[in-house]
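Hi,

Here is the structure I promised to pass on to you. Have it open while you read, and I'll walk you through what turned up.

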Amino acid sequence: MALEKLEGGFIDDYNKLEAYAQELKQSNPRSDVLINISKDALAGGKINFLRTYMCFDALKKGWKSRLRTLIGLNGTFLKDGAKITFISDMQKGLIYVVDKVLPEAQHRYCVRHIESNLCKRWRSGQMRKLMWWCPWSSYDEDFKDQLNKLGKL
């Protein structure tokens, strides 16, 4: 209680978010800073924080400079050139088509669909957690470590 009196509580911190967002926008032009509050709470005369999104301009530029063309598939037939990565919902027909029509294209699977299929067979919360750590890995060595942990489980 003493620390809360001296430094303020979490409610005070939420009240400072708007000022923080404005400061970020001024000091980092072209950065995205969004704060979402509940419309239902606003209608009732209250402010209810939902979430915040921040993306600094330098981060956006760096990410975009390393981008590759990406197309998500869910059964839609597409015909395009090389240097494209396809993400699909694991439909076997799409895998065959991408391989035959665009042999130079990359093919990846949607992690949410992998999770869904994995959880049909194994319902372990630990397995789901380890499965998600694989795509969240920042570099190959970490990915392989996470994959090994998942395999051991």
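Let's start on the outside: Ile37, Leu42 and Ile47 make up a nonpolar patch on the surface, and together they have about 290 Å² of accessible area. Take Leu42 as an example from that patch. Leu42 sits in helix α4, which covers residues 39-43, and its relative accessible area of 45% puts it in the partly exposed class. Keep in mind that this is a predicted model.

Now for the overall picture. The protein has 153 residues, and 22% of them count as buried. Its accessible surface comes to about 12400 Å², with 55% of that belonging to carbon and sulfur atoms. You'll find 9 helices and 5 strands, and along the sequence they come in the order α-α-α-β-α-β-α-β-β-α-β-α-α-α. If you take the contacts between residues at least 6 apart in sequence, 19% of them join residues at least 24 apart.

Next, the inside. In soluble globular proteins, nonpolar side chains tend to be buried together. Which residues form the largest nonpolar core here? There are 6 of them: Leu118, Met127, Leu130, Met131, Cys134 and Leu150. Helix α8 gives the largest share of this core, with 4 residues. Have a look at Cys134 while you're there: setting aside its neighbours within four places in sequence, Cys134 is in contact with Phe143, Gln146, Leu147 and Leu150. There is also a second, separate core of 5 residues, and among them are Ile84, Phe86, Val98 and Leu102.

On to the charged side chains. Side chains of opposite charge can pair when their charged atoms come close. How many salt bridges does the model have? The count comes to 4, and three of the residues involved, Arg30, Asp57 and Lys61, are linked in a network.

Asp57 pairs with Arg30, and their closest N and O atoms are 3.8 Å apart. This pair links distant parts of the chain, as Asp57 belongs to helix α5 (residues 57-65) while Arg30 is in the loop between α3 (17-27) and β1 (32-37), 27 residues apart.

One more salt bridge to click on is the one between Glu115 and Arg128, where the closest N and O atoms are 2.9 Å apart. Glu115 is in helix α7 (residues 111-121) and Arg128 is in helix α8 (residues 125-136), so this pair ties together parts that are 13 residues apart in sequence. Glu115 is buried, with a relative accessible area of 15%, while Arg128 is partly exposed at 39%.

Then go over to Cys134 and look for its contacts, including Phe143 and Leu147.

Terms used
Residues are numbered from 1 along each chain as its sequence is written. This is a predicted model: local features need pLDDT of at least 70, side-chain atom pairs count only at pLDDT 80 or more; totals for chains, interfaces and linings use all residues. Side-chain values use heavy atoms; hydrogens and water are left out. A salt bridge is a side-chain nitrogen of Lys or Arg within 4 Å of a carboxyl oxygen of Asp or Glu. Helices (H or I, at least four residues) and strands (E, at least two) are DSSP runs, numbered from the N terminus. Buried means under 20% relative accessible area, exposed over 50%, partly exposed in between (1.4 Å probe, protein chains only). Patches are made of residues with over 30% relative accessible area and no salt bridge: like charges are joined within 9 Å, nonpolar side chains (Val, Leu, Ile, Met, Phe, Trp, Tyr) within 5 Å. Accessible areas come from the Shrake-Rupley method with a 1.4 Å probe; for residues, only the protein chains shown count as cover. Contact means heavy atoms within 4.5 Å. A nonpolar core is a set of buried Ala, Val, Leu, Ile, Met, Phe, Trp, Tyr and Cys residues joined through side-chain atoms within 4.5 Å.
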